Structures are given as C-alpha cells and as structure tokens.
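Q: I have a structure to go through, and I would like to discuss its side-chain contacts. Could you take my questions one at a time?

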Amino acid sequence: MDMVYCPSCGERNREGSRFCRNCGTLLEEKPLKSRFMSGDFRETPVKRELQRKEFSDARKEGFEWDTALRGALVLVILMVILGRIFGFMGAIAALMVSVIYVLSSSRRKSQSLMIAFVALVMAAAASALFSI
C-alpha cells in the first residue's frame, strides 16, 4: 500500500486520502512514488526543519528588541507599584529586578548589558511620557 505524504506537515496518509489527517491540508492526487519518478518534489519535512533552524539562528543574530521592551515594561510597572509603597527603595528594587530579568532572559549574553541599557532608556521615556 502506497502512502501519501502531506506537503505541509510531512504526515503519512493513506493513498486516496484527500486531506491530511494531521493538519487538514488538501493532499495532492499523485502518490509519493510517482512524484519521485517525475522529479516533482516539494520541500520535505527535513528541509523545512533546516529552514526553521536557519530562521531561528538569524533571529538570534539581531538585537533583542523584544527583551528590551519587556524589561522596560517590567521596570515601569514595578516602579509604579513598589515606588508608591516603599518610595525610593521601591524604585531601586524595581530597577534591580528589571536588570536581573533582562540579563537572565537575553539569548545573546554578549549583548545583555546593551539590552539592559536600552530597557532603562525605554522605561525612562515611558515614565516621562506618562508622567509616572
């Protein structure tokens, strides 16, 4: 019995199936064997996995704006809460928590200090904008 592979997720399906049992994608009418003979191959699951890895590696190379933004958000929220409860010491505690968060969650440790600095600048800008 020939199997038909889904072009989207790579799931094996029975020949004659119209839709993939895993993701629901419409399956081609040609079975895998005839596609191999004709040379009509689309990307395989292995090739797709390599593309995902390349994308994640490329993502790691850029500046981590998401981490800096989350660090700034943590800092602003904690400064509002802890600053009102504990005053200046609460603001210092919020700053320490935010810096520790950014340093621990950055994917590229060589950029972590720069990310922490950008998060502090973002938090200062947000505080000035909203008069916090």
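Q: In which helix do Arg-70 and Asp-66 both lie?
A: Arg-70 and Asp-66 are both in helix H3, residues 65–86, and are four residues apart, about one turn of the helix. Helices here are DSSP runs of H or I with at least four residues, and strands are runs of E with at least two, numbered from the N terminus. The model is predicted: local features need pLDDT of at least 70, side-chain atom pairs count only at pLDDT 80 or more, and totals for chains, interfaces and linings use all residues. Residues are numbered from 1 along each chain as its sequence is written, and side-chain values use heavy atoms, with hydrogens and water left out.

Q: What do the side chains of Arg-70 and Asp-66 meet in?
A: They meet in a salt bridge, at 3.0 Å from N to O. The term requires a side-chain nitrogen of Lys or Arg within 4 Å of a carboxyl oxygen of Asp or Glu.

Q: Which residues are linked with Asp-66 in a network?
A: Arg-70 and Arg-107 are linked with Asp-66 in a network of salt bridges. The side chains of Asp-66 and Arg-107 meet at 3.7 Å, N to O. This pair links distant parts of the chain, 41 residues apart, since Arg-107 is in the loop between helix H4 (88–105) and H5.

Q: How many salt bridges does the structure hold?
A: The structure holds three. One of them joins the side chains of Arg-21 and Glu-11, at 3.1 Å from N to O. Arg-21 is in the loop between strand E2 (12–14) and helix H1 (32–38), and Glu-11 is in the loop between strand E1 (3–5) and E2. Arg-21 counts as exposed at 63% relative accessibility, whereas Glu-11 is partly exposed at 25%.

Q: Changing topic, how many disulfides are there?
A: The count is zero, where a disulfide is a pair of cysteine sulfur atoms within 2.5 Å.

Key: Buried means under 20% relative accessible area, exposed over 50%, partly exposed in between (1.4 Å probe, protein chains only).
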